[in-house]
Amino acid sequence: METFCSNFDLGSSIPFSVSKSLINPTSKSFFSCRFSPLNHGKTPRFKGVVPQALSRKEPIEQFKKNDFLEKNENLVKWVGKGFVGLAAALSLCCNSPALAESLTVAFPVSHTPEVNTVQRTLIEAWGLIRETFVDPTFNHQDWDLKLQQTMVEMFPLRSEDAAYSKVRGMLSTLGDPYTRIISPKEYQSFRIGSDGNLQGVGLFVSVEPNTGHLVVLSCVENSPAARAGIREGDELLEINGERLDGVDSEAAAQKLRGRAGTIVTVKVHSDNGPGVSGYKEVKLPREVIKLSPISSAIIPHKMPDGRLLKTGYVKLSSFSQSAAMDMENTIQEMETQGVQSYILDLRNNPASLVTAGLDVAQIWLDGDETLVNTIDRDGNMLPISMVDGHAVTHDPLVVLVNEGSASASEILAGALHDNGRAILVGHKTFGKGKIQSVTQLHDGSALFVTVAKYLSPALHDIDQVGITPDVQCTVDMLNSPKDTFKNKSAPSSLEADSCIIVAEHELDIQKSEGSAS
């Protein structure tokens, strides 16, 4: 979906404490910045240390300007004033005696108001990354020197777009496609998705880390994109005749969105197998797209011994704030309907909130099981475990995954699989084993920073590798079930889905083994 980039999970900023020390105010201004150590929060649902990127509970609409700006307005004010119009400087020192250092970064302050505003934004972004980025070597470069170089390069510029380009260029040197900045307009569009409604064409898009290409992770069922035959895996080449080389997923999403009733033209490249590929250009009408994270059905299934059993099918399309509660209500209702086994479909779920994925895992697990292991910038592994969990059901479970299952979907699949709760069926997952925080900056833009890596409970590294399912299935039919499938009868598309057929077979084996024991 355009409003939910699949590659990030929501979090919070790390607080800074800055005190201004004005030295020789007739020539230069200096700032003494003390960076507080990383302060990990906790949530009552889990034991162990939870990184802030996981513990943030507020919906995205409630995100406020980051603490760096609120607590250190003197810093950006002095830069904004362009003291003496020639230069400003930053003097930094760390609190930790072991890491104590003093740094002065001098840079020219632009007289162009638009560029000066972006300079202030750059200082915020640089400081947040300096404190929280998962790689403390900053991709083996001097991050403080990088700030000075970028400021010098920005000084002669005369436009906001050119200045932002310099910021993005600086962030790209980190070698992490998930750490990036988006404009105020793009950030507002990103926030739209939290209410489940938007105006667009119904695409989930993402930048493929290895190639940098924009690819389609999935289409909303019956959306304009889906009706036009656009499929997951297609490469997005052009929007309204504009090439998308170097364009990130948020910028592409912004171009796809627009007022319902208007038209957007997209060009895609489809790879239909060895030696078979093609290009197509289609005109898509923008519509109001309604997003519901849960769709469900009850599939009647005849066992080899003739018994008729009911399998509950639950499709989770995204990890919204309400995903866990909606799923728990769905499972409880199915239990009253006599369901005896479950299929949880995470295919084409690019995820959003990591905490929502952890909450969903607890619907299926008991006890104090480890749900995921995070690794911070110092290499410390921090397990996140349940506290006296009580599963809603203990019925046999199969989880469906594919190449479009990413981030929180992979965390959930890994938690259920590694704790012996579920069998995985489908295709290897996307492979995003990093967690991002998102912070709104003073000008309304937003910074996404990779703050941690994660491993599955069995310590499997997922990043750029993915999770290989226990059983693979052929893909004769990839269409996701429709939301209208909540009629509690087995729709024909589910019966024709080869992965669901394989899942039912695996459930038969589990139930047969259970009966034998």
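Visitor: Which hand does the link of C473 and C499 have?

Guide: A disulfide is taken here as a pair of cysteine sulfur atoms within 2.5 Å. C473 and C499 form one, with their sulfur atoms 1.9 Å apart. The link is right-handed, with 65 degrees about the S-S bond. The pair ties together distant parts of the chain, 26 residues apart: C473 lies in the loop between β24 (471-472) and α13 (492-496), and C499 in helix α14 (residues 498-516). The structure holds one disulfide. Keep in mind that this is a predicted model, where local features need pLDDT of at least 70 and side-chain atom pairs count only at pLDDT 80 or more, while totals for chains, interfaces and linings use all residues. Residues are numbered from 1 along each chain as its sequence is written, and side-chain values use heavy atoms, with hydrogens and water left out.

Visitor: Are C473 and C499 buried or exposed?

Guide: Buried means under 20% relative accessible area, exposed means over 50%, and partly exposed lies in between, with a 1.4 Å probe and protein chains only. Both C473 and C499 are buried. Another cysteine, C219, has a relative accessible area of 14%, so C219 is buried as well. Across the chain of 517 residues, 57% count as buried.

Visitor: How many helices and strands does the chain have?

Guide: Helices (H or I, at least four residues) and strands (E, at least two) are DSSP runs, numbered from the N terminus. The chain comes to 14 helices and 24 strands.

Visitor: What should the span of helix α10 be?

Guide: The expected span of a helix is 1.5 Å times one less than its number of residues. Helix α10 (residues 323-336) has 14 residues and should span 20 Å; its end C-alpha atoms are 20 Å apart, so the two agree.

Visitor: Which residues of α10 are buried?

Guide: An α-helix has 3.6 residues a turn, so residues three or four places apart point the same way. In α10 the buried residues are A323, A324, M327, T330, I331 and M334. They cover an arc of only 125 degrees around the axis, which puts them on the same side of α10; the arc is that of the directions from the helix axis to the C-beta atoms. M325 and T336 are exposed, on the face of α10 turned away from its buried side. The cover over the buried residues of α10 includes β15 (294-302), β16 (308-316), β17 (341-345) and α11 (354-364). After α10 comes G338, with a positive phi near 85 degrees.

Visitor: In what order do the strands of the open sheet stand?

Guide: Strands of a sheet pair through backbone hydrogen bonds, either parallel or antiparallel. Two strands are called paired if DSSP finds at least two bridges between them. Here six strands form an open sheet in the order β15-β16-β17-β20-β21-β24, with mixed pairing. β15 and β24 stand at the edges with a single partner strand each, so one side of each has no neighbour in the sheet. β16 and β17 run parallel, joined by five bridges, and V314 has L344 in β17 as its bridge partner.

Visitor: Which residues touch the most other members of the largest nonpolar core?

Guide: A nonpolar core is a set of buried Ala, Val, Leu, Ile, Met, Phe, Trp, Tyr and Cys residues joined through side-chain atoms within 4.5 Å. The largest has 43 residues, and M327, L344 and W364 touch the most other members. The element giving the most to this core is α11, with seven residues. A second, separate core has 30 residues, including I123, A163, L171 and L441.

Visitor: What is L344 in contact with?

Guide: Contact means heavy atoms within 4.5 Å. Leaving aside neighbours within four places in sequence, the contacts of L344 include V314, M327, W364 and L416.

Visitor: Which sides of β22 are covered?

Guide: In a regular strand the side chains alternate between the two faces of the sheet. In β22, K434, Q436, V438 and Q440 on one side and I435, S437 and T439 on the other are all buried. β22 (residues 434-440) runs antiparallel to β23 (residues 446-455), and seven bridges join them. K434 stands opposite K453 in β23. The two strands form a hairpin with five residues between them, and G444 in the turn has a positive phi of about 90 degrees.
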